[in-house]
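I set out to record the backbone features and the pockets of this model. The entries below follow the order in which I looked things up.

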Amino acid sequence: MKTPLILNACEPDKMNRALTEAARIIKDGGLVAFPTESFYGLGADPRNEDALRSLFEAKKRPANNPILLLIDDTTRVFDYAEQVPEKSLVLMRKIWPGGLTLVFTARPEVSSLITGGTGKIGLRVSSNLLACSLARLVGGGITGTSGNISQRSPCLTAEDVLKEMGDNLDAILDGGPSPGGLGTTILDLTEDPPRILRKGMVSKGEIERIIGKIT
């Protein structure tokens, strides 16, 4: 049985070291749980097919279920999205970093494991410092799926993650309790008008005040 490394990022003097080690593990193909603005997420290198397969196995996640990516900056969208509509640029300026995942048509080189075979990719810049910093250190993007077994309750603490799926992880970046509450809103921009795929932190009304009608 695997025992994950617990990386203490709660104390300011230990944060940078913990982030550096977490990024190294992900770049080496490992799986690392980390806090976000809602729940703990599960990070893998989106360029590493073996790591992505390990993530699906660890979560017991169906292969046709896409995985969103956390990116460190809005400019990274162009690394993964084939088309970036003007409405998405406005939303990025107004809401990112924050709890809104935007879905785009994926570039051809994006792994089908990430898109779930849909040809679409969900991207977000997290408002959580640790999550955003980890994405930057890995190279601009990491997977941001929730750190729990599929169809089970999301985890709020490093201890929750350890109990839930610690045997399948290489490390847990402990940033203290996550806020919980609603998950991120998911908005599909491959359709016109854009369509909400999942209600969450950012309301339909808030989005419509920025870009007009959505469904």
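**Backbone and pockets**

I began with Q151, which I found in the loop between strand 8 (145–146) and helix 7 (158–165). The model is a predicted one, and I read every entry here with that in mind.

Entry 1, positive phi. I looked up the backbone of Q151 and noted a phi near 75°, a positive value in a residue other than glycine. Most residues other than glycine have a negative phi.

I located K60 in the loop between helix 2 (49–59) and strand 4 (69–71). K60 counts as exposed because its relative accessibility is 59%.

Which residues does a cis peptide bond join, with omega about -5°? I found W96 and P97. P97 sits in the loop that runs between helix 4 (86–95) and strand 5 (100–105). I noted another cis peptide bond between D192 and P193, with omega about 5°. I placed P193 in the loop between strand 10 (185–188) and strand 11 (195–198). Most peptide bonds are trans.

I noted a volume of about 820 Å³ for the largest pocket. How many residues line it? I recorded 36 lining residues, and R61, P66, L68, I186 and R198 lie nearest the centre of the pocket. Two or more lining residues come from each of strand 3 (40–43), strand 5, strand 6 (120–124), strand 8, strand 10 and strand 11. Strand 6 gives the largest share, four residues. By class, I listed twelve nonpolar, 15 polar and nine charged residues in this lining.

I noted about 160 Å³ of space in the second largest pocket. Which residues line it? I wrote down P46, R47, N48, E49, D79, Y80, E109, V110, S111, I114 and G139. I sorted this lining into four nonpolar, three polar and four charged residues.

Conventions
Residues are numbered from 1 along each chain as its sequence is written. This is a predicted model: local features need pLDDT of at least 70, side-chain atom pairs count only at pLDDT 80 or more; totals for chains, interfaces and linings use all residues. Side-chain values use heavy atoms; hydrogens and water are left out. Buried means under 20% relative accessible area, exposed over 50%, partly exposed in between (1.4 Å probe, protein chains only). On a 1 Å grid over the protein atoms alone, a cavity is a set of points where a 1.4 Å probe fits but cannot get out, and a pocket is an open set with protein on both sides within 12 Å along at least five of seven lines; lining residues have an atom within 4 Å of a point. Grid points are joined across faces, edges and corners, and a volume is the space filled by probe spheres set on the points. Ala, Val, Leu, Ile, Met, Phe, Trp, Tyr, Cys and Pro count as nonpolar, Asp, Glu, Lys and Arg as charged, and the others, Gly among them, as polar.
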